[in-house]
Number of protein chains: 2
Amino acid sequence: MEEKISNLGELGEFGLIKHLTRDFPLSQASSIKGIGDDAAVLEFLSGRTVVSSDMLVEGIHFDLSYAPPQHLGYKAVAVNLSDIYAMNARPTQITVNIAVSNRFGIEYLDKIYEGIRHACEVYEVDLVGGDTTSSYSGLILSITAIGEVDETKITERSGAKDNDLLVVSGDLGGAYIGLQVLEREKSVFQANPDEQPDLSAYQYPIQRQLKPEARKDIPELLEKLGVLPSSMIDISDGLSSEALHLSDSSNLGVRIYEDKIPIDPAVIKACEEFKLSATTIALNGGEDYELLFTIPLEDHDKIKGNPHFSVIGHMTEAARGRMLVARDGAEVPLQAQGWNALSNDNDSPQQD
Amino acid sequence: MEEKISNLGELGEFGLIKHLTRDFPLSQASSIKGIGDDAAVLEFLSGRTVVSSDMLVEGIHFDLSYAPPQHLGYKAVAVNLSDIYAMNARPTQITVNIAVSNRFGIEYLDKIYEGIRHACEVYEVDLVGGDTTSSYSGLILSITAIGEVDETKITERSGAKDNDLLVVSGDLGGAYIGLQVLEREKSVFQANPDEQPDLSAYQYPIQRQLKPEARKDIPELLEKLGVLPSSMIDISDGLSSEALHLSDSSNLGVRIYEDKIPIDPAVIKACEEFKLSATTIALNGGEDYELLFTIPLEDHDKIKGNPHFSVIGHMTEAARGRMLVARDGAEVPLQAQGWNALSNDNDSPQQD
């Protein structure tokens, strides 16, 4: 999988950190001092600072037999930043802690940091600190993301109001079905290593799984449209689980209409092939990192017809429950099946 | 070692986070919102924000066969806060990411969080976020600490001046020799499980290893004495390694006098028993989490005779090198032998 060309021990811990972080310039005004002291020094002149932390564990959150190291580094950052965007905030800094066993060579770590650096460029955040250590087993990435936001613009989970529209960005289910494709191809490969898989038909769902993007553009777009969501959350555990979080935190009921859930045609096709319900996958698949938010009814015109948004339902009085309205009109209670990190399934990392 | 009474999977990830963090009230003025949304919300009205991140990995940084879970949780926090104090800052928040395999029961995790909570109380910091996940192997704790400091009071590694005095808090070498005692007793126990070890003579070094304190009191004391260090670092990898960091960052030489290095009598006694040089242990042992700093010569009177401080040397022109002046007057170049996390030794976690 990876070549162990250089011995990590030879570089030493300080040498390794220096090596891995050599190409990370500071670009944020709030980054006063980055790596190289006991702590990074930041300056937030006004507004609120938001902080979120996530861990990605080999064998739980990723499988190195099909996750390229560059994508892994990129994804680890994107997943963390997604939480910052879900607060309607602008991420500014990250710290990266990494634990690796000595089966990893420096070249392999370089590729992970290439992905981290690429994500730092795309999302305009500075790497300002971190820790490198060995582990006796797998690879673990633990990232903390910091961001800033005007006090008046923070979108918490608890702000939804009765009758608010429930809106989701992008489309759902891709990351999960992409994972199923990768798992299937892995089994095929293990059975017959000479077989070359043709994955061209699955490009979109596979990319959603291996190199998801955080929706940096959505808070920017909403700002431009003059829409301030009343509540917002990112979809890491599936639409159903996240809608329930908004409902719980805001003490409201929620209705999601099955026929409004956005699913890409390539995802629908792959679901058919796997004999899985695309709706179920969109509801419970997770790892899509789209943003789910509520807006007042009167803002509907501002987002109507925008290809980035789908209005999939609305908030209700708590007494009306949390329901999926199926295509045939039947109402089914929403359940947080999600992927549970502690049941040892593949799972998306999650800050509660 | 630990009883697996409750199955973690039953609680689920959200249930587990909720359970583990139920007794963590917010007490810091800068903590606007803690656990329960996509990100914590903080407010730093003035000054600078400092951030530091560390990872503790089972089998590398701790051995659960003798590290009680409460101490482990406490130590993980203290080790991180030590970096914040080394910036002359006041820690305000932490986030805790934890990965556990299913051999750990909820009762065991509760004890770890008991230690984390105790540390939050002692050091007056708020737990504001984190992630809980499973791992296929050991226990991993990744903590990010955030703090605040007036811009004019930040003590970086690079601020030392020629002729500045080199001062260390507390005493050195205890944590390392404590670890040797614990390793020896573990071997004895493995050979003969009925043998009850008498560890009373080693109480101090064992406590230094298992439940180290971050020196919260030192920045406070220095402030009271009217002393602003020109540079500061915490001792996680041994005096020698940290003195070299100050020397490197400040482009100066350094002289440390062997006979001035503070070592507790219990540590000296244990070193004799293990036939180890107490000086070597103090220089290279690590994990003492004392503060090493430089002050202008004219501030000497302010700290002279204070039992918390030992003046152990001074900075010099770079050309004079980095030397240990032995008891017999011989000069030996300082070397950063430290404990290297990447050579798979037991190691202290370290942010560079």
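Mentor: One definition comes first: a crossing is left-handed if the near helix is turned anticlockwise from the far one by less than a right angle, and right-handed if clockwise. Bear in mind also that this is a predicted model.

The part to look at is helix α4 of chain A, residues 174-191. Take its crossing with helix α8 of chain A, residues 265-273, to begin with: the two axes come within 10 Å and cross at roughly 45°. That angle makes α4(A) oblique to α8(A). The crossing of α4(A) and α8(A) is left-handed. By class, this contact has 5 nonpolar residues, 1 polar residue and no charged ones. On the α4(A) side the residues are G174(A), I177(A) and V181(A), and they meet V267(A), A270(A) and C271(A) of α8(A).

Now turn to helix α5 of chain A, residues 203-210, whose axis is 7 Å from that of α4(A), at a packing angle of about 100°. The pair α4(A) and α5(A) is therefore roughly perpendicular. From α4(A), the contact draws on G174(A), A175(A), I177(A), G178(A), L179(A), V181(A) and L182(A). From α5(A), it draws on Y204(A), P205(A), I206(A), R208(A) and Q209(A). Sorted by class, the contact of α4(A) with α5(A) has 8 nonpolar, 3 polar and 1 charged residues.

Within α5(A), the buried residues are P205(A), I206(A), R208(A), Q209(A) and L210(A). Their cover includes α4 and α8 of chain A, along with α2, residues 69-85.

The loop between α4 and α5 of chain A holds L199(A). L199(A) counts as partly exposed because it has 13 C-beta neighbours inside 10 Å, whereas a buried residue needs 20 or more. Leaving aside residues up to four places away in sequence, L199(A) touches V181(A), E185(A) and I206(A). V181(A) lies 18 residues from L199(A) along the chain, and their C-alpha atoms are 8.5 Å apart.

Last, a word on the nonpolar core. In soluble globular proteins, nonpolar side chains tend to be buried together. Here the largest nonpolar core has 197 residues, and V77(A) and V77(B) have the most contacts inside it. Again not counting residues up to four places away in sequence, V77(A) touches I94(A), I116(A), A119(A), C120(A), Y123(A) and I143(A).

Technical notes. Residues are numbered from 1 along each chain as its sequence is written. Chains are lettered from A and ligands numbered from 1 in the order in which they are written. This is a predicted model: local features need pLDDT of at least 70, side-chain atom pairs count only at pLDDT 80 or more; totals for chains, interfaces and linings use all residues. A nonpolar core is a set of buried Ala, Val, Leu, Ile, Met, Phe, Trp, Tyr and Cys residues joined through C-beta atoms within 7 Å. A residue is buried if 20 or more other C-beta atoms lie within 10 Å of its own, exposed if 12 or fewer, and partly exposed in between; C-beta atoms are placed from the backbone. Two residues are in contact if their C-beta atoms, placed from the backbone, lie within 7 Å. Axes are lines fitted to C-alpha atoms, for helices over the stretch in contact, and angles run from 0 to 180 degrees between N-to-C directions. Helices (H or I, at least four residues) and strands (E, at least two) are DSSP runs, numbered from the N terminus. Angles under 35 degrees count as roughly parallel, over 145 as roughly antiparallel, 65 to 115 as roughly perpendicular and the rest as oblique. Ala, Val, Leu, Ile, Met, Phe, Trp, Tyr, Cys and Pro count as nonpolar, Asp, Glu, Lys and Arg as charged, and the others, Gly among them, as polar.
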